[in-house]
Amino acid sequence: MINRRTFSKAVGLGTGVAATALPGMSSQASAAPASSAAPALPVVAPGTHTEFARLKHVKAGALEVGYAEAGPAHGPVVVCLHGWPYDIHSFVDVAPLLAGLGYRVVVPYLRGHGSTRFRSDRTPRTAEQSAVALDVIALMDALKIHRAVLAGFDWGSRTADVIAALWPERVKALVSTSGYLITDVKAQREPAAAAVEHMWWYQWYFATERGKKTMENAEDRIALCRYVWTLVSPNWNFDDATFARTARAFRNPDYAAIVLHNYRWRIGLVEGDPRYDRYEKRLAARPAIHVPTVTLDPALDPFTPPGDGSAYRDHFTGPYEHRTIADVGHNLPQEAPTAFAQAVVDADRL
């Protein structure tokens, strides 16, 4: 738990420490060097922290958002965005590292997850990429945050990429795991190589009635999510308690609807909410991202494209670095919290 004692310890660790090399990390700088030397973070073992001190709630757009917060209220803001099938605990070790350097760290549950709830029964339970991005913009507005460093993985990377592309004035810097993830639904309708299709088995499963029934049964979907963890993070020896803490977020009453819509929408099987159409038309053009960015590739993630970031490099036109994190799978911030937190600090200084 991040209680007062452990938080104070994190603050002490985050300042005045000797520089520490992060194992398994390579970096290629593709722009001007950082404007000032970034502090080196202490190496924190995954699982050092297990809970956030407390959760908060705020009305933000269509949602009442549940979120964790760490660090000083007036510090520079970092918004950490989780993916599927994960939750805010992906950042439970990252948050105190950044808070120890004086950042205000905000970690929200995305729509359909954890304690985040829709404010109206009449709101369509859709999850196109622009809807999730606008949820984050609404959260920032509700918390009176004009600009923030955005850092995420999986759905979180896609959401951060969308905000950086469409609303760059809200993004001070970006950390995007797996690179550029903005979805072009039309392109997604075309077949991919067999190996790629094989990796996305659950996407096709969710397109079936059998997959829908699995997701609509809480115990079945939790079992499926645990299986996905083992496939996409082959070196992560998480225990039952670690998974159980995150699996609580999968009992949200809108979880099945949101997850099913997200994956079905991506491959063109269902329509989105018309109120987001104008944003999706802009995103279909795969707009460039101009804000300072660090991209991260987890080496053991089956979704990591070959080429050390070259497959998406052209989408990032501002100050940029790319890093590959060895021996780490899909849930990079929870498997390698120091490497992820260091990327945030370094992106902020590009």
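This text goes from the protein chain as a whole to one pair of helices and then to the cysteines.

The model is predicted. Its protein chain contains 14 helices and 10 strands. Of the 350 residues in that chain, 57% are buried. Sequence separation gives another view of the fold: taking the contacts between residues at least 6 apart in sequence, 80% join residues at least 24 apart.

Helix H9 spans residues 218–232 and helix H10 spans residues 240–247. The two pack with their axes 11 Å apart, at an angle of about 125°. The crossing of H9 and H10 is right-handed.

The residues that form this contact can be named on both sides. H9 contributes Ile222, Cys225, Arg226 and Trp229. On the H10 side, these meet Asp240, Thr242, Phe243, Thr246 and Ala247. Sorted by class, the contact of H9 with H10 has five nonpolar residues, two polar ones and two charged ones.

How many disulfides does a search of the whole structure find? A disulfide is a covalent bond between the sulfur atoms of two cysteines. The search of the whole structure finds zero disulfides.

Terms used
Residues numbered from 1 in each chain as written. Predicted model: local features only at pLDDT ≥ 70, side-chain atom pairs only at ≥ 80, totals over all residues. Heavy atoms only, no water. Axes fitted to C-alpha atoms, helices over the stretch in contact; angles between N-to-C directions. Helix = DSSP H or I, 4+ residues; strand = E, 2+ residues; numbered from the N terminus. Left-handed = near helix turned anticlockwise from the far one by under 90°. Contact = heavy atoms within 4.5 Å. Nonpolar A, V, L, I, M, F, W, Y, C, P; charged D, E, K, R; others polar. Disulfide = S-S within 2.5 Å. Buried < 20%, exposed > 50% of the residue type's maximum accessible area, 1.4 Å probe, protein only.
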